[in-house]
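This is a tutorial dialogue on reading side-chain features. Please keep the sequence and the structure in view.

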Amino acid sequence: QVQLVESGGGLVQAGGSLRLSCAASGSIVSISAMDWYRQAPGKQRELVAQSTSGGSTTYADSVRGRFTISRDNAKNAVSLQMSSLKPEDTAVYYCYARIRRAWTTPMNDYWGQGTQVTVSS
């Protein structure tokens, strides 16, 4: 069984910073993508930041320059450093990973349980 466990959400004032962390555990032979998504009330889940095993990163326009995604391949972990937070960043943030559990099995998608980030004005 594979699990993604997130931590680091909370309440912060506008302009503040938070760091989210996510670690994958279980039977894992390789991880390709490790990304962060978010879902605000009444809105669809949206991609915030992507990272590949090779170190490439991409960001949503709304967070570029404020958020930084970092990957630790040795620990099967990814983090999201969020700075200059705005009230519109308020959402549940989800960690996503595309993981292969055995060399004979295909890649599958896994999600964390979500962590609430609330930015007050």
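This is a predicted model: local features need pLDDT of at least 70, side-chain atom pairs count only at pLDDT 80 or more; totals for chains, interfaces and linings use all residues.

Q: How many residues does the largest nonpolar core have?
A: In soluble globular proteins, nonpolar side chains tend to be buried together. A nonpolar core is here a set of buried Ala, Val, Leu, Ile, Met, Phe, Trp, Tyr and Cys residues joined through side-chain atoms within 4.5 Å. Buried means under 20% relative accessible area, exposed means over 50%, and partly exposed is in between (1.4 Å probe, protein chains only). The largest such core has 31 residues, and Trp36, Leu80, Met82, Tyr93 and Ile99 have the most contacts inside it.

Q: Which strand gives the most to this core?
A: Strands are DSSP runs of E with at least two residues, numbered from the N terminus. Strands that supply at least two residues each include β1 (2-7), β3 (18-26), β4 (30-39) and β8 (77-82). The most comes from β9, with 5 residues.

Q: Which residues does Met82 touch?
A: Contact means heavy atoms within 4.5 Å. Not counting residues up to four places away in sequence, Met82 touches Gly16, Ser17, Leu18, Leu20, Arg66, Phe67, Tyr93 and Val117.

Q: Which cysteines form a disulfide?
A: A disulfide is a covalent bond between the sulfur atoms of two cysteines. The rule applied here is a pair of cysteine sulfur atoms within 2.5 Å, and the count comes to 1. Cys22 and Cys95 form it, with their sulfur atoms 2.1 Å apart. The link is left-handed, with -80 degrees about the S-S bond.

Q: Is Thr115 buried or exposed?
A: Thr115, in strand β11, counts as buried because its relative accessibility is 11%. Its side chain reaches the backbone nitrogen of Gly9 at 3.3 Å. Leaving aside neighbours within four places in sequence, the contacts of Thr115 include Glu6, Gly8, Leu20 and Tyr93.

Q: How many salt bridges does a search of the whole structure find?
A: A salt bridge is a side-chain nitrogen of Lys or Arg within 4 Å of a carboxyl oxygen of Asp or Glu. The search finds 5. One of them joins the side chains of Arg64 and Asp61 (2.6 Å, N to O). Arg64 is partly exposed at 47% relative accessibility, and Asp61 is exposed at 65%.

Q: Where do Arg66 and Asp89 lie?
A: Arg66 forms a salt bridge with Asp89, with the closest N and O atoms 2.8 Å apart. Arg66 lies in the loop between β6 (57-59) and β7, and Asp89 in the loop between β8 and β9, so the pair ties together parts 23 residues apart in sequence. Arg66 is buried at 12% relative accessibility, and Asp89 is buried at 1%.

Q: What is the N to O distance for Asp109 and Arg98?
A: Their side chains meet in a salt bridge at 2.5 Å. Asp109 lies in strand β10 (residues 107-111) and Arg98 in strand β9, so the pair ties together parts 11 residues apart in sequence. Asp109 is partly exposed at 44% relative accessibility, and Arg98 is partly exposed at 32%. Elsewhere, salt bridges that share partners join Arg38, Glu46, Arg66 and Asp89 into one network.

Q: How many aromatic pairs are there?
A: A pair of aromatic rings is described by the distance of the centres and the angle of the planes. Rings of Phe, Tyr and Trp (its six-membered ring) pair if their centres lie within 6.5 Å; planes under 30 degrees apart count as stacked, over 60 as edge-to-face and the rest as tilted. The count comes to 3 aromatic pairs. Tyr37 and Tyr96 form an edge-to-face pair, 6.0 Å centre to centre with 75 degrees between the planes. Tyr37 lies in strand β4 and Tyr96 in strand β9, so this pair ties together parts 59 residues apart in sequence. Tyr37 is buried at 19% relative accessibility, and Tyr96 is buried at 10%. The rings of Tyr96 and Trp111 have centres 5.1 Å apart and planes at 55 degrees, so that pair is tilted.

Q: Which residues form one aromatic cluster?
A: Tyr37, Tyr96 and Trp111 do. Trp111 is partly exposed, with a relative accessible area of 38%.

Conventions
Residues are numbered from 1 along each chain as its sequence is written. Side-chain values use heavy atoms; hydrogens and water are left out. Helices (H or I, at least four residues) and strands (E, at least two) are DSSP runs, numbered from the N terminus. A polar contact is a pair of N or O atoms within 3.5 Å; within protein, one must be able to donate a hydrogen and the other to accept it, and residues adjacent in sequence count only if both atoms are side-chain atoms.
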